[in-house]
Protein chains: 2
Amino acid sequence: MKPSLPKGTRDFTPEVFAKRKYIFNVIENVFKNHGYKAIETPAVENLKTLTGKYGEEGDRLIFKILNSGDYLNKIEGSELSSIDSKKLTPKISEKALRYDLTIPFARFVVMNRNEITFPFKRYQIQPVWRADRPQKGRYREFYQCDVDVIGSNSVLNEVDLIQIIDEVFAELKIPVSIHVNHRKVLDGILAELNLKDNTNAVLIALDKLDKIGLEKVKEELSDRIDSNTIGLLFDKIGAIENGGIDSISAEKGNQGKEELNKIFGQFKGDNKLSKNNDLLFDIKLARGLDYYTGTIIEVKAKDVEMGSICGGGRYDDLTGVFGLKDVSGVGVSFGADRIYDVLSSMDSFKDVKLYSSKVMFVNFGEATLAQINKCMSELRKNDVSCELYPDEAKMKKQFSYANTNNIPYVISVGDEELKSSKAKLKDMNEGTEETIAFDDLVKRFSNG
Amino acid sequence: MKPSLPKGTRDFTPEVFAKRKYIFNVIENVFKNHGYKAIETPAVENLKTLTGKYGEEGDRLIFKILNSGDYLNKIEGSELSSIDSKKLTPKISEKALRYDLTIPFARFVVMNRNEITFPFKRYQIQPVWRADRPQKGRYREFYQCDVDVIGSNSVLNEVDLIQIIDEVFAELKIPVSIHVNHRKVLDGILAELNLKDNTNAVLIALDKLDKIGLEKVKEELSDRIDSNTIGLLFDKIGAIENGGIDSISAEKGNQGKEELNKIFGQFKGDNKLSKNNDLLFDIKLARGLDYYTGTIIEVKAKDVEMGSICGGGRYDDLTGVFGLKDVSGVGVSFGADRIYDVLSSMDSFKDVKLYSSKVMFVNFGEATLAQINKCMSELRKNDVSCELYPDEAKMKKQFSYANTNNIPYVISVGDEELKSSKAKLKDMNEGTEETIAFDDLVKRFSNG
C-alpha cells in the first residue's frame with residue numbers, strides 16, 4: 001500500500017516544525033506579556049454548535065463526522081432510496097471539526113461563564129479545518145492563533161490588540177501596515193445614501209477596489225444601484241480617504257468616528273508603533289461583513305505580496321446565539337501559515353537552529369557504556385541535550401549521523417579515554433579536537 | 001440554543017491548561033535532552049491509511065469524516081435502499097481522525113524517507129480520537145506524547161526510553177515501577193508447550209492475572225486448552241516470576257533473554273534509576289499483543305491506583321505495511337490525561353502558578369494612559385507581563401479582577417503620581433504598598 005495524505009493536509013518534518021514553533025513562540029510570548037491566558041477547546045464540536053454561524057458557504061465547508069455504530073439503523077430503506085445528501089447529513093452526522101476558533105470560544109465562554117472573570121482575555125493556538133479548495137498557501141487543516149477580549153466595550157482593548165500586532169511583527173522582523181476601519185462609519189455612509197438594503201453588495205465591492213479597480217467595481221454595483229448613487233458613494237469614500245478620520249461626517253457614523261479617534265490617539269508621542277510598522281485608517285477595509293460590528297483590523301506585510309497575515313475586529317453580542325446576551329468581544333487572529341510563507345520568502349529562518357542534541361557520544365561497544373551513561377546523565381541534569389549513537393556502526397556512519405542532524409559536538413570514549421578519565425571532543429563546525437576530563441564536561445557545555 | 005460538547009470531549013480552562021502545560025513541558029524537555037526531534041502529522045488521515053491496523057475493534061472506534069459536497073451522487077437510489085451502514089461507509093467517507101500517533105508516524109517515515117536520517121528519533125505530542133465508550137479517565141479526544149526510534153535494532157534504544165521514563169516521572173515527582181517483558185520470551189514458552197495456536201488467548205489471560213486472579217484465568221483458558229497444559233503453563237510462569245531473567249529456558253526464548261539481560265545490565269552500579277522508581281522484569285506483562293514483537297514496557301504509579309500511565313515496546317517491520325520493509329521501531333507513549341489525574345490525586349499542582357499578568361495597572365481614565373502605555377511597553381520589553389484594566393470601573397471592581405486572576409502586583413497612576421513621576425505599587429499577596437519611580441519599574445520586576 002502506497003501511503004498518501006488527504007488533499008490540503010501536511011506533515012511537518014523536524015525542520016519545518018522548528019521554524020513553525022519559532023513563530024508560535026514569538027506570538028505566544030507577546031500574548032502572555034499582555035496578560036492573556038491560554039485555553040483549549042476540543043477539535044470536535046456538536047454540528048449544531050457550528051452550523052448557521054459562517055454563512056451558507058461556510059456551512060458547506062465544515063467537515064462533518066459520521067456517527068459511530070450503525071448510523072443507518074433509524075432510517076427506513078424506502079426513505080433512503082429517495083434521499084439526497086443534504087437531507088441525509090443531519091441524520092447520520094452529529095459532530096464536526098471546528099471551522100474557526102471564535103465560535104468554539106463563544107461556546108466556551110457561555111458554558112464556563114461561572115468559572116471565568118470578565119473581562120476575559122484569552123488566547124488559543126490550535127488547528128482548524130475547512131473543506132476549501134486547496135491551493136498555494138491555503139490548506140484544509142491549518143493553525144490559527146487567536147487572541148480575544150470578551151466582556152469589555154472599551155476601545156483600549158483595540159489599542160492593546162494593535163500593540164500586540166506591532167510587537168509580534170517587530171519581533172518577527174516583518175514590516176507591516178496595520179489597517180483599521182470601523183463598521184459603524186461604513187454603516188453611516190450607507191445610511192446617508194439610502195443604501196442600507198445593499199449593505200453586503202457595497203461592502204464586498206469596496207473590499208475588491210484594490211484588486212479589480214474602481215471601474216470594474218462600479219460595473220458590478222450597477223446591477224443593483226443607480227449610477228448617480230454609485231458616483232456619490234465613491235466621491236464620499238474618496239473624500240474620506242483623502243481627508244482622514246476628521247472628514248467623516250458626524251451625522252450617522254459618529255460612534256465609529258469617536259472610537260477611531262480614541263484608538264489612533266493612543267499611538268502618538270512616546271507611544272508610536274515600532275519603526276518599521278505603520279498604523280493606517282483605511283475606509284475601504286470591509287472584511288468580515290457578516291460578524292464585525294465595530295472596529296475592523298487587517299494586517300499586511302509591506303515587502304511581500306501575501307494578502308492579510310492577521311486580522312480581526314469587534315463583534316457585539318458574540319455569545320448571544322448561545323444564550324448569553326450583550327457580551328461584546330474583540331479579537332484578532334494570526335495566520336501562522338502565511339506568516340511562515342512570508343518569513344520563508346524573506347529568507348528569515350537562518351537563525352532558527354535545529355539540532356537534535358548538542359552532544360553525540362560515539363558508540364564503541366559494551367565496555368564504555370557505563371561511563372557514557374554516567375556522563376550523559378550529568379549533562380542532561382544540566383539541560384545539555386545529548387545522545388549515544390545506538391549501534392556499533394563504523395565511525396564514518398556515526399559521524400555522518402551527527403553531521404546530518406546538525407549535532408555540533410561529538411565525544412569519543414574508547415579504551416584509552418576510559419583509562420585516563422578523559423574524553424575526546426570534536427567540534428563539528430570548527431573541525432577542531434580537544435581532550436577533556438569527564439568531570440569537566442558539564443562545565444564545558446552548560447553555558448550556551 | 002443551549003450550547004453543549006460532544007460526549008467524551010472537554011474544554012480546558014486557563015487553570016487546567018496551565019497544569020497540563022506543566023506536564024507537557026516536563027515530558028518535552030526530557031525528550032529534547034535525549035536528542036529527539038518534534039514532528040507533527042495532520043489530524044485527518046486517509047481512511048485506508050488507518051483501517052486494518054488496530055484490529056476489528058479498533059476499526060470500529062475510528063471516527064470517519066463524511067466526504068464533502070454531494071457525497072451520494074455516485075450511488076443509485078435503488079442501491080441505497082438495500083444498503084447497510086458497513087457497506088455505505090467506504091462509499092461516503094474517505095478520511096478519518098487519527099486513532100493513535102504510531103501508524104501516522106509509520107506513514108510519515110515512509111513518505112518522508114528521503115528527507116530523514118536513520119536512526120530517526122522523533123517525538124510527537126498531539127491529540128488522537130477514539131469512539132470509545134466515555135468513562136472516568138477515558139475520553140474520545142485525548143493527547144498522546146509519543147517518543148520513538150526507528151531504524152535501529154540496538155536495545156540501547158530501549159535503555160534510552162527507560163531512562164526517559166525514569167527522568168520524566170522523577171521530575172513530575174510520581175514514584176513509578178517500570179515493568180519490562182519480551183515478546184520472544186513469551187513466544188518461547190508458548191512454543192515449548194505447543195500453544196502457538198492459542199497465542200492471543202494465552203496473552204490476554206496472562207494480562208488479566210492481576211485483575212481477576214489465577215483461578216478465573218485458568219477457567220477462561222479451559223475452553224481452549226487442556227488442564228494439564230494450563231498447569232504446565234502457570235508452573236513455568238511462576239518459576240520465571242520467582243527466578244528472574246536467569247530462569248528463562250534458553251531453547252526458544254533466547255534472543256529475548258539476551259536482550260533483557262542487556263537492558264537490565266545497563267541499570268547497575270552508578271547508573272541506577274532515580275531513588276523512587278523501580279525497574280522490574282515482569283513475565284506476566286503481555287500488552288499490545290497485536291503489534292509488539294520484542295521488548296514490552298509498561299509503567300504504573302506506585303502510590304495511586306490508575307492502571308498504566310505510560311507504555312510501549314518494539315515492533316519489527318513497523319513501516320512494512322506502507323512498503324518500506326525491515327525497519328524496526330521502538331517507542332513509548334505517555335498518557336497525559338492519566339498523569340494529570342495522578343498528579344491531581346497527589347495534590348501535586350500546588351506549585352503550578354497561573355496568573356495572567358504580573359502587574360495590573362489601574363484605569364483612572366484618559367489623562368494617565370500615555371504614561372501607563374509607556375511604562376507597560378518598557379516592562380514588556382523586559383518580558384514582564386502586564387495589562388491595563390480596560391474600563392474606567394470602580395476601584396473595587398478593578399482590584400477584584402486582579403485578585404481573581406491572581407495578578408500579584410497592582411500599580412496606580414493618578415494625577416498626583418503623574419506629577420511626581422512615581423507610581424503607587426500594591427503587593428496583592430502581602431497587602432503592602434510602596435511608592436516607586438516610573439524609571440525604576442523595570443528594575444523592580446525584571447528579576448523574578
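Two strands pair if DSSP finds at least two bridges between them, and the strands themselves, like the helices, are DSSP runs numbered from the N terminus, with at least two residues (E) for a strand and at least four (H or I) for a helix. With these terms in hand, strand 15 (residues 422-427) of chain A can be seen to pair with strand 16 (residues 433-437) of chain A in the antiparallel sense, over five bridges. At one of the positions in this pairing, A:K422 has A:A437 in strand 16 of chain A as its bridge partner. The two strands form a hairpin with five residues between them, and in its turn A:G431 has a positive phi of about 80°.

The structure is a predicted model, in which local features need pLDDT of at least 70 and side-chain atom pairs count only at pLDDT 80 or more, while totals for chains, interfaces and linings use all residues. Residues are numbered from 1 along each chain as its sequence is written, chains are lettered from A and ligands numbered from 1 in the order in which they are written, and side-chain values use heavy atoms, with hydrogens and water left out.

Chain B holds an open sheet of eight strands in the order 1-5-6-11-10-9-7-8, with mixed pairing. Strand 1 (37-38) and strand 8 (278-281) of chain B stand at the edges with a single partner strand each, so one side of each is left without a neighbour in the sheet. Within chain B, strand 5 (residues 120-129) runs antiparallel to strand 6 (residues 141-150), and 10 bridges join them; here B:V128 stands opposite B:F142 in strand 6 of chain B.

How do the two chains meet? Counting heavy atoms within 4.5 Å as contact, 103 residues of chain A touch 103 residues of chain B. The area buried between them is about 8,800 Å², of which carbon and sulfur atoms give 55%; buried area is the accessible area (1.4 Å probe) that two parts lose on being put together, summed over both. In chain A, the residues that lose the most area to chain B are A:M1, A:N33 and A:E40, together 8% of what that side buries.

Across this interface there are eight salt bridges, each a side-chain nitrogen of Lys or Arg within 4 Å of a carboxyl oxygen of Asp or Glu. The side chains of A:K374 and B:D270 meet in a salt bridge, at 3.3 Å from N to O.

Finally, a rotation of 180° with 0.0 Å of shift along its axis superposes chain A on chain B, with an RMSD of 0.0 Å, the superposition being by least squares on the C-alpha atoms of residues with pLDDT of at least 70 in both. That is the relation of a two-fold axis, and the same surface serves both copies, since 100% of the contact residues of chain A recur in chain B.
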